Amino acid sequence: MTRRTLVAAVMGCVVLAAASCAGPERPTATATADGKGAASTSASPVPSATATPTVDDAVAAARERMTAAATGRDAPGPEGLLVAAESTGGALFVWESSDGRFCHGTATGVGVTSVACFTRPHTPPVGKEPRLVPLVRMMATGWNVVFGAEHETVESVTCDGVPVRVKDVGVMADGRRSVHAVEFPDLTLGTVSVRVRRGSRVVTETLALETFAKKDAARFASCGEPTS
């Protein structure tokens, strides 16, 4: 089971509009060679363009907010926060606490953070046989699925034969579990095929993208075989 904490920080900005109380500005007169005055006015400043935030900037800001939210027993251990997914709107992080508990959390551009951690260390435990371990399935920067691989190396992921980008997130469990992530634009049902290497052998496993029952499954995109 997990313990979830939601920390909401409302961030805003105040735009100050300054207006002159003396009425419309009058042009100032300057002397010309013939002694007559010539009216002159100063040019209006050109508004500066607002820089579009980059993904790196968004991840850096999200990391600061997540570090502030994940405290106490849920604070990241020596390996720190691992980025499982990122966008200009925020990031999804995974980490291990100092006592070995798996945690994940999100931080958005509007200052909302969420943190969830297992209550017991080394959950789920590393198995003795090669396998894929689902770790996170949630909507963060898209439909994000984070999974671990034990005693095998992930080579590729496909959805109905179409390659899916795999993000190599990092390693956990004292290096015995590699962590990977895939992302879809929206909730995607079914399973993906994961090609893994076990020594000299290459095999294909399936990974479920979700596990909950859906009454209106036809509304959503899907891969492979249905899970329910």
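Which handedness does the disulfide of C103 and C117 have, given the torsion about its S-S bond? In this predicted model, the torsion about the S-S bond of C103 and C117 is about 115 degrees, so the disulfide is right-handed.

## Disulfides

A disulfide is a covalent bond between the sulfur atoms of two cysteines. The table sets out the sulfur separation and the torsion of each link.

| Disulfide | S-S distance | Torsion about S-S | Handedness |
|---|---|---|---|
| C103 and C117 | 2.1 Å | about 115 degrees | right-handed |
| C159 and C223 | 1.9 Å | -95 degrees | left-handed |

The sulfur atoms of C103 and C117 lie 2.1 Å apart.

For C159 and C223, the sulfur atoms are 1.9 Å apart, and the torsion of -95 degrees makes the link left-handed. Here too distant parts of the chain are linked: C159 belongs to strand β10 (residues 153-159) and C223 to strand β16 (residues 221-223), 64 residues apart. Both C159 and C223 are buried.

## The aromatic pair

A pair of aromatic rings is described by the distance of the centres and the angle of the planes. A search of the whole structure finds 1 aromatic pair. F102 and F118 form this pair, with 6.3 Å from centre to centre and 50 degrees between the planes, a tilted arrangement. F102 lies in strand β6 (residues 102-108) and F118 in strand β7 (residues 112-118), so the pair ties together parts that are 16 residues apart in sequence.

## Backbone features of the loops

The loop between β7 and β8 (131-139) contains P124. The peptide bond from T123 to P124 is cis, with omega near -5 degrees. H122 lies in the loop between β7 and β8, and its phi is near 55 degrees, a positive value in a residue other than glycine. With a relative accessibility of 48%, H122 counts as partly exposed.

A173 also has a positive phi, of about 55 degrees, although it is not a glycine. This residue is found in the loop between β12 (167-172) and β13 (177-184). A173 is buried, with a relative accessible area of 8%.

## Strand β9 and E150

How many of the 8 residues of β9 are buried? The count is 8 of the 8, so the strand is largely enclosed by the rest of the structure. In a regular strand the side chains alternate between the two faces of the sheet. In β9 both faces are covered: W143, V145, F147 and A149 are buried on one side, and N144, V146, G148 and E150 on the other.

Strand β9 pairs with β8 in the antiparallel sense over 8 bridges, and the two form a hairpin with 3 residues between them. A further 8 bridges join β9 to β13, again in an antiparallel arrangement. W143 has F184 as its bridge partner in β13, whereas R131 stands opposite E150 of β9.

E150 lies in strand β9 (residues 143-150), and at 0% relative accessibility E150 counts as buried. The side chain of E150 makes a polar contact of 2.8 Å with the side chain of R131, the residue that stands opposite E150. A polar atom of the E150 side chain also lies 2.8 Å from the backbone nitrogen of G127. Leaving aside neighbours within four places in sequence, the residues in contact with E150 include P125, V126, G127, E129 and P130, together with R131, V133, R176 and R177.

How values were computed: Residues are numbered from 1 along each chain as its sequence is written. This is a predicted model: local features need pLDDT of at least 70, side-chain atom pairs count only at pLDDT 80 or more; totals for chains, interfaces and linings use all residues. Side-chain values use heavy atoms; hydrogens and water are left out. Rings of Phe, Tyr and Trp (its six-membered ring) pair if their centres lie within 6.5 Å; planes under 30 degrees apart count as stacked, over 60 as edge-to-face and the rest as tilted. Helices (H or I, at least four residues) and strands (E, at least two) are DSSP runs, numbered from the N terminus. A disulfide is a pair of cysteine sulfur atoms within 2.5 Å. Buried means under 20% relative accessible area, exposed over 50%, partly exposed in between (1.4 Å probe, protein chains only). A polar contact is a pair of N or O atoms within 3.5 Å; within protein, one must be able to donate a hydrogen and the other to accept it, and residues adjacent in sequence count only if both atoms are side-chain atoms. Contact means heavy atoms within 4.5 Å. Two strands pair if DSSP finds at least two bridges between them.
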